[in-house]
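Have the sequence and the model open while reading.

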Amino acid sequence: PRRRSASHSFARERRRASFPMKFNLFLSACGAASYYFREQISHSTWITAGCFFLVGANVLVNEFFLGGSRKYYGKTHDCTGDVVLITGGNKGIGFETAKELAKFGAQIIIACRSERRASTAVRSIRSYSKNDNVSYEILDLESLKSVHDLVDRLTKKKIQIRYLINNAGVAIEKSTTIDGFNSQFQINHLSHFLLTNLLLKRNMITDNGRIISLSSLAHGVGGADIHLDDLNSTRSWKRLKMYGNTKLMNIVFTNELSRKLLRIGSKITANSVHPGAIDTDFSEHVVPNPWIRWLTRPIAILLTDPPVLGAQSTLFAALSPDLETKSGVYIDNCKVKRPVGKAQNIPKHYKLMEDFWEVSAKFVGQSNVI
Ligand SMILES: NC(=O)c1ccc[n+]([C@@H]2O[C@H](COP(=O)([O-])OP(=O)(O)OC[C@H]3O[C@@H](n4cnc5c(N)ncnc54)[C@H](OP(=O)(O)O)[C@@H]3O)[C@@H](O)[C@H]2O)c1
């Protein structure tokens, strides 16, 4: 009975998710129709039709620049007995990913910084999935101590993780963590680097485990780069550039991790994911001004997909049998794709990958990370 109700809600969400795409197509069709009847219609109708065309044109933007309409992973799995640790699972893409994996019977641990937000999320994941094996752990990625504390608690509970999902991410203004690092750098990369390494060092990831890190298409736009001598971006700060840099770091980290795992004969895989342009609270980072956000909301709705679609590439990375032995790949829209920009050649830049790893290890005070 659980499976039937899950597929029912799946179909409902699929319909809801495809609404923006259908709406765009409708607008384009209206524009095309008014062009066809241009002789018979007035100027004002023409202007309206022009607007329709403009809005409908975002279909093209979506198809060609944002990776196309997002696909559903669409397969069901029995994940009974598998443990998922997901950072930032209390909202957005992480929350939807946790919901779907809970529906497949996995034990879910969401690692979040707010007890209140985490417990509310746990309740809704339980009620959506009818799976009570959902809990939270406190993790503030702005503190390396918090990462150590989480791993200590999980060690005591003898947790064995099948899917580690490094999901939490921000694009916030310049600020410094208690460890003295730039907040974006520490949340998006450094703390996840430490978390992954500690779990691996303590053999807390199962032999067939998968490590998935949420990157972004931003890794390849706006001149995103990795400056080993200035990872905190102290020399020239631009908020969104820093975000792109850290998302590039996610890919470089994943590639080097996969190489290291392969070298020690491990079957654990490490892959990175671009979830799509997704309508989550992340928009507060993209457009911090609430008024501009409110005014541009209709465009945002048209250009983005709902969070449930943002979870699909992570689900693909975690569950697809096609990826059982694939490691070090970048996934976008439930497909293995080539990253863009500087990341295209990353797999060949062993020196950069090794040096980046070394610097990160030094920053987190771990000399004998894997
Ligand atoms: N949305 C998009 O279009 C998009 C596109 C490409 C890539 N991504 C990537 O996808 C991932 C998820 O993004 P999203 O859209 O779901 O964003 P979101 O809705 O803003 O969720 C971000 C999550 O990260 C958590 N988080 C932030 N700072 C944290 C900290 N210091 N310690 C622990 N958790 C922290 C948040 O917890 P709080 O509730 O406590 O803040 C929240 O759970 C990010 O890595 C993002 O870079 C998103």
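## Ligand shell

Twelve nonpolar, 10 polar and seven charged residues make up the shell around the ligand. This is a predicted model. The shell counts 29 residues, and the nearest are Asn 90, Arg 113, Arg 117, Tyr 243 and Thr 280. Two helices, H5 (92–103) and H9 (239–263), each contribute at least two shell residues.

## Backbone contacts and burial

For Gly 88, the corresponding distance is 3.1 Å. Gly 276 places a polar backbone atom 3.4 Å from a ligand oxygen. On its own, the ligand exposes 900 Å², of which the protein buries 95%.

## Nonpolar cores

The largest nonpolar core holds 49 residues. Leu 85, Leu 154 and Leu 199 have the most contacts inside this core. Elements giving at least two residues each include strands E1 (83–87), E2 (107–112), E4 (161–166) and E5 (205–214). Helices H7 (144–156), H8 (183–201), H9 and H15 (350–363) do likewise. Helix H8 gives the most, nine residues.

Take Leu 85. Beyond its neighbours within four places in sequence, Leu 85 contacts Ile 109, Ala 111, Leu 154, Ile 161, Tyr 163, Leu 164, Ile 165, Leu 195 and Leu 199. Another core, of 34 residues, lies apart from the largest one. Its members include Cys 112, Leu 214, Val 273 and Ala 318.

Methods:
Residues numbered from 1 in each chain as written. Predicted model: local features only at pLDDT ≥ 70, side-chain atom pairs only at ≥ 80, totals over all residues. Heavy atoms only, no water. Near = heavy atom within 4 Å. Polar contact = N/O pair within 3.5 Å; in protein donor to acceptor, adjacent residues only side chain to side chain. Areas by Shrake-Rupley, 256 points an atom, 1.4 Å probe, with all protein chains shown as cover. Helix = DSSP H or I, 4+ residues; strand = E, 2+ residues; numbered from the N terminus. Nonpolar A, V, L, I, M, F, W, Y, C, P; charged D, E, K, R; others polar. Core = buried A, V, L, I, M, F, W, Y, C linked by side-chain atoms within 4.5 Å. Buried < 20%, exposed > 50% of the residue type's maximum accessible area, 1.4 Å probe, protein only. Contact = heavy atoms within 4.5 Å.
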